[in-house]
Amino acid sequence: MKNDYLPHKAKITSIQKESFDTNTYKVVFDDKKIKDTFDYKQGQFAEISVLGVGEAPISITSSPTRKGFLEFSIRNTGKVTRAIHDLKVNDPLFVRGPYGNSFPYDELKGKNLYFIAGGIGLPPLRSLINMVMDNRKEFGHVKILYGAKTPDEVCFKKELEEWKNIPNTEVWLTVDKPCDGWGCSVGVVTELWKETNVHPENAVAILCGPPIMIKFVIARLAESGFKDIDIVMTLERYMKCGIGKCGHCNIGEKFVCIDGPVFTYNQVKAFPTKEHAF
Amino acid sequence: MTLKKILKSDIKELLRQSAKEWEVYAPVTAEEGDTLFTRLPKEKGKLEKALQGINLKDEWVVISPKDAFFPQLEDMFHFDKEKIIDTPSPSKKLIFGVRPCDAKGILFSDEFFKKNYEDKYYLSRAKDKLMIAVGCLTPPRPEACFCTSAKTGPFLESGFDLQLVDAGGAYLVEIGSDKGSEFVNAHAKLFKNSEKDEEDKVKKIKSKAAEAVNLKVDFEKALEIMKGKNDFTENYERIGERCIYCGGCLYVCPTCTCFNVLDDKKGDKGVRRRNWDGCVFRGYTREASGHNPRDKKSLRTTRRYEHKLKYDYSATGMSGCIACGRCLTSCPVKIGMSKFIEEITTGKRTM
C-alpha cells in the first residue's frame with residue numbers, strides 16, 4: 001500500500017533572503033522520477049520536513065509554469081521553520097505533496113485582478129502572481145496591494161520592482177511603521193484605497209494575510225462593491241498531515257488541507273462555525 | 001444466518017489455536033482490576049497467564065480495541081541520516097470479544113481512514129482483520145450505555161465476522177461473513193452445530209438484552225436537530241465552562257481519530273511518530289504565529305459535539321457517536337454525549 005506520509009529527499013539549491021525573517025528556498029528532488037512527476041498547481045502547499053525536528057505545511061511559492069524545481073518562502077516563526085533557517089545550500093530538505101486545492105486560473109482570464117496581501121501573506125500568492133505574469137496578455141489590469149509591519153518585513157523586493165515594470169501592472173506598498181527614506185504609504189493595507197482605485201467591475205480580489213487584515217479588507221471590498229464570490233482567499237490553519245486525517249485543520253465538515261486552502265468568501269461565510277474573525 | 005455453538009470451556013483452546021495464526025486482541029482483566037483489550041503473547045507460558053485473565057462477562061472495557069489499528073503512539077517511519085525506512089507490514093489481527101458498539105466504532109474508523117487519501121498505517125493493520133463480537137446481556141456501564149437509542153447494540157445486525165450470544169454454558173455463534181465462516185471451519189472441532197430451537201433462543205436473549213438497557217435518549221431526533229439550523233451557543237458556553245479540558249473523553253472514544261506528529265532523534269538515527277490528539281485541547285489549533293482560531297472554550301466544545309453528531313453524519317451517513325457512554329464514565333465533571341443529546345432533544349438542562 002502506498003504510504004502518503006513518507007517525504008521525498010530534495011536538495012536546497014539556492015537560498016534567497018527576502019526580508020529580515022523570510023528566505024526563499026529553491027529545492028530540487030534527488031529522485032528524477034519524483035522530480036518529473038511532482039505536478040503542482042498554483043496555491044497548493046507541501047509538507048516540509050527537517051528530519052528529527054518535524055514537519056510543517058508550507059505553500060509552494062514558485063509558479064507551475066517554471067519547471068524542475070520548487071520554491072518555498074519561509075518565515076522563521078516556529079520550531080520547524082527555525083530549523084529550516086539553519087540550513088544551507090546543498091543541505092537536504094524532505095518534501096511531500098502537493099496538497100490542497102488551487103487558485104482558479106482559467107476563470108480569471110480576461111479579468112482585472114487585485115492581489116491583496118499582508119506580511120507573510122504575499123508568498124502564498126506569489127505562485128499565481130508569477131503564473132499570471134508569465135501569461136500576462138491573457139489577463140486584464142493587475143494591482144498588487146501589499147502591507148507589511150515595517151519596510152524590513154517586505155518580501156520579494158526585487159520581484160515587486162519587476163512586477164511594477166510589467167505593462168498594465170501596478171504595485172502599491174504600505175507599512176505600519178516606516179523608516180527614513182520610505183517612499184510609499186504608511187498604515188494598514190486598506191489605507192491603499194486612498195491611493196488607488198479598487199473597482200469591482202470585471203474584477204476578482206485574491207487575498208492572503210492575518211485574520212484581522214482579511215476582516216478589514218473584506219469589509220472594504222464589500223464597500224467598493226465586490227461580490228462575495230469575487231473575493232478569493234487562501235486560509236492558514238495548523239495542519240499536521242496535509243491529507244485530511246490528523247484533524248487539526250477542520251472547519252465544520254471541511255478540511256482546509258484537502259477542501260482548501262483556497263476558498264471564496266461566500267464559501268467562508270457558509271462555514272458553520274464562529275471561529276473566524278471575518 | 002447459520003448458527004453454530006461453542007462451549008465456554010473451549011474458548012481458551014480457541015484462543016490458544018488462534019494465537020498461532022493471528023495477532024489476537026482480547027479483553028483481559030489485569031491484576032489491578034481493569035479490563036483492557038490486550039494483545040495475547042505468542043510465547044506459551046505468557047499466553048497461558050494471559051488466558052487466565054480473559055473476561056467475556058459484561059465488563060466495562062476501559063478503552064475500545066481501536067488501538068489495535070490506531071495505536072495511541074506509533075512509529076510512522078525511521079530515518080538514518082538522510083535515509084527513510086518505512087515501518088514493516090503488520091500481521092493480521094483478530095479482535096476477539098469486541099462489544100457491538102466498539103465494533104461499530106471500528107467500522108466507522110475503517111471508512112474514515114479510507115476516505116480521500118488512504119492512511120497506510122491504519123489500513124494495513126485493519127484490512128485483514130477478523131472481528132468476533134460478543135453481545136451484551138446487560139449494559140457494562142449501566143448508568144452510561146445507551147446503545148439501543150443509537151441502534152449500535154446490545155447486539156450487531158451486521159458488520160461482524162462472528163457474533164457470540166451468551167447462552168449460559170455455551171456461546172451461540174452467528175456467522176456474519178465468509179471470513180467468519182472460514183474461521184469456524186478452520187476450528188471445526190470446537191464449533192458444534194446448534195440445535196433447532198436455538199435460533200429462537202437467540203432472538204429471546206437479544207430482546208431481553210435490549211430491554212436491559214435503561215438509559216434512553218432520542219438519538220435520531222438529535223441527529224435531525226443537529227443537521228438543521230440550530231443555535232446551542234448557551235449549551236456550548238455552559239458546558240465549555242464546566243469542562244476541565246483533560247481530554248479523557250477523547251482518549252476513551254472509539255471513533256476519535258485525531259493525531260499529532262512528532263520527531264525524535266538521537267545522533268543520526270531517529271523516528272517520526274504519531275500519537276492521539278484531541279480537539280478540546282487549546283494547543284490543537286494554535287498556529288506558529290500564535291493565532292488560535294479555537295482559543296475560546298465554547299468553540300472547542302462546539303467542535304466536539306458538532307463533529308460527532310453533525311459532520312460525521314452528513315459526511316458518512318454514520319454518526320460519530322456509537323453510544324458506548326465512555327465519555328460520561330470517564331469525565332471527572334460528569335459531561336457526556338447522552339446528556340448533551342438529552343439537552344438538545346428535551347430542552348432540559350442536564351449539566
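Trainee: Where does A:Pro261 lie?
Mentor: Look for the strands on either side; strands (E, at least two residues) and helices (H or I, at least four) are DSSP runs, numbered from the N terminus. A:Pro261 sits in a loop of chain A, the one between β14 (254–255) and β15 (262–264).

Trainee: What is the mean pLDDT of chain B?
Mentor: This is a predicted model, in which local features need pLDDT of at least 70, side-chain atom pairs count only at pLDDT 80 or more, and totals for chains, interfaces and linings use all residues. Residues are numbered from 1 along each chain as its sequence is written, while chains are lettered from A and ligands numbered from 1 in the order in which they are written. pLDDT is the predictor's confidence in each residue, from 0 to 100. In chain B, 100% of the residues reach 70 or more, and the mean is 95.

Trainee: What pTM does the model score?
Mentor: Two scores are reported. The ipTM is 0.93, and the pTM is 0.94.

Trainee: Is the peptide bond from A:Gly260 to A:Pro261 cis or trans?
Mentor: Check omega. For A:Gly260 to A:Pro261 it is near 10°, and the bond is cis.

Trainee: Chain B has a cis bond at B:Pro154. What is its omega?
Mentor: B:Pro154 is placed in the loop between α5 and β8 (162–166) of chain B. The bond from B:Gly153 to B:Pro154 is cis, with omega near 5°.

Trainee: What is phi of A:Asn202?
Mentor: A:Asn202 is in the loop between β10 (185–186) and β11 (203–208) of chain A. Its phi is positive, in a residue other than glycine, and lies near 50°.

Trainee: What radius of gyration does chain A have?
Mentor: Chain A holds 6 helices and 15 strands. For its 278 residues the globule rule gives 19 Å, and the chain comes close to that, so it is as compact as a globular protein of that length; the value is 18 Å. The radius is taken over C-alpha atoms, and the rule is 2.2 Å times the number of residues to the power 0.38. The C-alpha trace spans about 50 × 45 × 35 Å along its principal axes, with a radius of gyration of 18 Å.

Trainee: And what is the radius of gyration of chain B?
Mentor: Chain B has 13 helices and 12 strands. Its C-alpha trace spans about 65 × 60 × 40 Å along the principal axes. A compact globule of 351 residues would have a radius near 20 Å; chain B agrees, with 21 Å.

Trainee: How many residues of domain 1 of chain A touch domain 2 of chain A?
Mentor: Domain bounds come from an automatic or database assignment. Here chain A is divided into domain 1 (8–99) and domain 2 (106–234). Contact is counted when C-beta atoms, placed from the backbone, lie within 7 Å. Domain 2 of chain A gives 15 residues, and domain 1 gives 15.

Trainee: How far apart are the centres of domain 1 and domain 2 of chain B?
Mentor: Chain B is assigned domain 1 (3–211) and domain 2 (219–346). Over C-alpha atoms, the separation of their centres is 26 Å.

Trainee: Which element gives the most to the side of chain B that touches chain A?
Mentor: The contact takes 37 residues from chain B and 34 from chain A. On the chain B side, β4 (73–80), β5 (83–86), α4 (120–126), β11 (259–266) and α11 (297–316) each supply at least two. The top contributor, with 6 residues, is β11(B).

Trainee: How are α8(B) and α13(B) oriented to each other?
Mentor: The axes of α8 (219–227) and α13 (337–346) of chain B come within 9 Å and cross at roughly 70°. Axes are lines fitted to C-alpha atoms, for helices over the stretch in contact, with angles from 0 to 180 degrees between N-to-C directions. Angles under 35 degrees count as roughly parallel, over 145 as roughly antiparallel, 65 to 115 as roughly perpendicular and the rest as oblique. α8(B) and α13(B) are therefore roughly perpendicular.

Trainee: How many nonpolar residues are in the contact of α8(B) with α11(B)?
Mentor: The two helices pack at about 80°, axes 9 Å apart. B:Ala222, B:Leu223, B:Met226 and B:Lys227 of α8(B) meet B:Glu306, B:Leu309, B:Lys310, B:Tyr313 and B:Ser314 of α11(B). Ala, Val, Leu, Ile, Met, Phe, Trp, Tyr, Cys and Pro count as nonpolar, Asp, Glu, Lys and Arg as charged, and the others, Gly among them, as polar. The contact has 3 charged and 1 polar, and the nonpolar number 5.

Definitions and conventions:
Contact = placed C-beta atoms within 7 Å.
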